[in-house]
Amino acid sequence: MLQRVGEEEKTKQVTVPISEAAFPMPFYEGLEYSSPARGVWNIAHTGMLIPEAHEVFVCALGCLRGVVLTAAEMDALDRYSAIEVREENVINGGLEELMIEGVTDILHKLSYRPRAVLLYVSCQHFFLGCDLKLVFDALGERFSDIHFVDCYMTPTFRKSGMTPTQRMQVQLYRMWEQMPADPKKVNLIGSNLETARSSELVRILEDAGYEFWSIHRCKDFDDYLHMAEACLNLVYDPTGLMAAKDIEKRLGMNYLYLTFSYDFDELEKNYEQLAETLQIEKPDLAKDRARAEKAIAHASSLIGDTPVVLDYTFTFRILSFARMLLEHGFRVTEIYTDAFLPEDLGNFTWIREHYPDLMILATTRPAMCYVHGDLPGQEEAAKEAILAVGQKAAYFAGTDHFVNVAESGGFYGYDGIAQVMGLMEDAFLHEKDRKTLIQQKGYGCISCL
């Protein structure tokens, strides 16, 4: 029997008190809805981090639409090309030849010579059994001066093995080659956004005489390659952990996972681990901690009893952030997320015990397309003062008082907490143009909108 898509989904649960929520997946998985909040990065944004690199996407026309719009919006069409896979390529074969000749044609017509080509293949390549090794070997022979790396736009595989985001972070550093280690050079990898230079993490390293590198600081492709000289890779974004492990396996570079957290004791343990790993004296961070505590107290006093709603796109550790707010008197009423990180189990248990009525709401269930403050009948409810932290929370709650940050914004440690408190205060006092801001792709990237 035929059934209208979405009808059954309307009856499925999209909100649940945390006391009844399952961990780590509180909601049914099925057909998914995508809200117009676009601040998180996609694989096209991430690939553009490599200087002097050119992206080539090979897939069907419908799939190309999203990535070409990403390149256009970030004013990077000169670094983007596409090869369309048509029906005859599927029926008659020859996908390998299409890719080899297509990339060759693109490189001959470019106005510049890229140092690297990120060749993105799609689900079709795996369905059709495409010989990707043949493709990359042939291109390497034709263009020996260019580095080629395989990248993947394979959404059909996103719930088995590595997600496309994790895979993209792995491939981002796959062009590194073995180099003599510099004992005074440290990288931070796996993050789309540059760590704020005001963070005590940066200061600790630089005060100890280390060069602190990330892909964001690379001015050219040679800088990118020379990141492979580092003696240690730091990673705090959970999606970058697989990249750190891959680099260690390939090149023997050690890594240190500094768990992203809003808990002061966890942060102290991170810095103790860092000092022990680098064999440096652990710095006195009492002033940094006091600054963060003062910022939290000031923001809590200003915002008072105003309902605060959060979403997972704001930070990797949304439950850690929620707990920090709740422990300091903020009135957190809702968290929009479809899953929890395993490392947040302790925070989940604590919130469930102390704030059992806090509501967890889905973001991707189809019924959520009916949940936002711009709908008829919701205007009056939206007038109640609500402070949102994150774009999806702002959209679903229908509030223009929101913190417009995605993927933790590059804010790390005590300094990061203090800066986020300042952003919350500003959002509480001033409205933003929600409709315009949340539609801009890739928070922190150039946007032509």
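Partly exposed, as used here, describes a residue whose relative accessible area falls between the buried class, under 20%, and the exposed class, over 50%. Glutamate 84, at 28% relative accessibility, is therefore partly exposed. Please keep in mind that this is a predicted model.

**Salt bridges**

- Across the whole structure, a search turns up 23 salt bridges.
- Side chains of opposite charge can pair when their charged atoms come close.
- Glutamate 84 has such a partner in arginine 86, and their side chains meet with an N to O distance of 3.4 Å. Arginine 86 is partly exposed too, as its relative accessibility is 47%.
- Aspartate 246 and arginine 250 form another salt bridge, with 2.9 Å between the closest N and O atoms. Both sit in helix α11 (residues 241-251), and because they are 4 residues apart there, about one helical turn separates them. Aspartate 246 counts as buried at 12% relative accessibility, while arginine 250 counts as partly exposed at 29%.
- Arginine 291 pairs with aspartate 415, and here the closest N and O atoms are 2.9 Å apart. On the arginine 291 side the relative accessible area is 42%, which is partly exposed; aspartate 415 is buried, with 4%.
- Salt bridges also link Glu194, Arg197, Glu206 and Arg217 into a network.

**Two buried loop residues**

- Serine 35 is found in the loop between β1 (15-17) and α2 (43-47), and with 0% relative accessibility it counts as buried.
- Leaving out residues up to four places away in sequence, serine 35 touches Lys392, Tyr395 and Phe396.
- With lysine 392, serine 35 makes a side-chain to side-chain polar contact of 3.2 Å. The C-alpha atoms of serine 35 and lysine 392 are 7.4 Å apart in space, although 357 residues separate the two in sequence.
- Aspartate 344 occupies the loop between β11 (331-336) and α15 (345-354). Its relative accessible area is 1%, so aspartate 344 is buried.
- The side chain of aspartate 344 is joined to that of arginine 317 by a polar contact of 3.1 Å.
- Beyond its neighbours within four places in sequence, aspartate 344 is in contact with Phe23, Arg317, Ile318, Leu319 and Ser320.

- Valine 90 has its place in helix α4 and is partly exposed, at 35% relative accessibility.

**Cysteines**

- A disulfide is a covalent bond between the sulfur atoms of two cysteines. How many disulfides does a search of the whole structure find? The search finds 0.
- Cysteine 218 is in no disulfide, and the nearest cysteine sulfur, belonging to cysteine 445, is 16 Å away. A pair counts as a disulfide when the two cysteine sulfur atoms are within 2.5 Å.
- Cysteine 218 is buried, at 9% relative accessibility, whereas cysteine 369 is partly exposed, with a relative accessible area of 29%.

Methods:
Residues are numbered from 1 along each chain as its sequence is written. This is a predicted model: local features need pLDDT of at least 70, side-chain atom pairs count only at pLDDT 80 or more; totals for chains, interfaces and linings use all residues. Side-chain values use heavy atoms; hydrogens and water are left out. Buried means under 20% relative accessible area, exposed over 50%, partly exposed in between (1.4 Å probe, protein chains only). Contact means heavy atoms within 4.5 Å. A polar contact is a pair of N or O atoms within 3.5 Å; within protein, one must be able to donate a hydrogen and the other to accept it, and residues adjacent in sequence count only if both atoms are side-chain atoms. A salt bridge is a side-chain nitrogen of Lys or Arg within 4 Å of a carboxyl oxygen of Asp or Glu.
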